[in-house]
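Hi,

Here is the structure I promised to pass on. Have a look at it first, then read my notes below.

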Amino acid sequence: MPVFSGQSGLTLAQALDLCQTTLQSPPLPSQRTWGLISAEILRATSAAVPNNVQSAALSQFGSVIVPQANATMAAISSGTARDQGDPGYTDPQTGFNSGSSESAPAAFLAANGGQVYSSPSCPLPPTTVYDAVRLKLRIRVPTNANGFSFKHRYFTAEWPDVCISYNDHLLCLLTSLSPGIRPTTTSCSIPCPTRSRCRRRSSITAQAARRARRT
Amino acid sequence: MGTAAAPVLPGEIIELEFIIWDSGDGTVDGLALFDDFRWATIEQPVGCDVDGDLWAAASCGGTDCDDSNASIHPGARPSFSTGSTTTVTAWWTRASMRR
């Protein structure tokens, strides 16, 4: 069932199909299993809680986009994470303004020369971000796993106003000891439709302008 | 939907964060959907995980130094009653590296 209000990080993790939970420091060795240790919905860098309408577990988005596995998908938005007709929906062109303002994630800035990553042919985005939402998952990896994958889709109301500093950003950050990951907190790779904009293998900042307009 | 993937180490604790933000107009919003999280699993060849603890034996290039005992593997708590001092130290080192 979709969850529009009172959702937690755990709700979104479950919508992502990450359902098994575990403890960071279990009292017994036998209880040391893989799974989700914690799940939080936060602002970009602070522990403040975003507006409730900015995240949800959706059972569909429009008439075409449906869950790829199980009954729901995790949704986060710089506006409202709602489909038309859902409670709290705001037209994304008109937009939702939560009033929040903060710095972009420090680890991401540090890994990109103090800037928000962008295509070289576009103006640099500001390092102050607005209406941010962060789903932070802490996970113990199964002892027989050496990687993970997930499915994603990004929609923006800014199309076709591409390559402007106002474009929204989507970021996925992975902190891992894997030698395949850069030493600092690093992004996992989300393929971009325009390869030239994905010059850094590990950077998946996805400017809003890259994606198809929400229909 | 597109698919994203990344490598991890078996048994480690990772942090995975999804962040979306507006870059200045305060309106004209974006939305991201995520679904179908899956692990990429390591298939252990026959004879490489005799104790069934999911850690491959050192003889197979894995990190399980005792593939006959499921309670002994990287990340397991040391057994002071049975382990030598050297072994205990090694286990603590490995365990701390994985936290």
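Which residues have the most contacts inside the largest nonpolar core? They are Leu12(A), Leu16(A), Ala74(A), Ala75(A) and Ala32(B), in a core of 61 residues. A nonpolar core here is a set of buried Ala, Val, Leu, Ile, Met, Phe, Trp, Tyr and Cys residues joined through C-beta atoms within 7 Å. Buried means that 20 or more other C-beta atoms lie within 10 Å of a residue's own, with C-beta atoms placed from the backbone.

Before you go on: this is a predicted model, where local features need pLDDT of at least 70, side-chain atom pairs count only at pLDDT 80 or more, and totals for chains, interfaces and linings use all residues. Residues are numbered from 1 along each chain as its sequence is written, while chains are lettered from A and ligands numbered from 1 in the order in which they are written.

Back to Leu12(A): leaving out residues up to four places away in sequence, Leu12(A) touches Ala74(A), Ile41(A) and Leu135(A), among others. Touching, or contact, means C-beta atoms placed from the backbone within 7 Å.

Now chain B. Its elements run β-β-β-α from the N terminus (helices are DSSP runs of H or I, at least four residues; strands are runs of E, at least two; both are numbered from the N terminus). Of its 99 residues, 39% count as buried.

How do the chains meet? Chain A gives 81 residues to the contact and chain B gives 48. Strand β1(B), residues 2-7, pairs with β6(A) in the antiparallel sense over six bridges; pairing takes at least two DSSP bridges. In β1(B), Ala6(B) stands opposite Phe148(A).

Cheers

Terms used
A residue is buried if 20 or more other C-beta atoms lie within 10 Å of its own, exposed if 12 or fewer, and partly exposed in between; C-beta atoms are placed from the backbone. Two residues are in contact if their C-beta atoms, placed from the backbone, lie within 7 Å.
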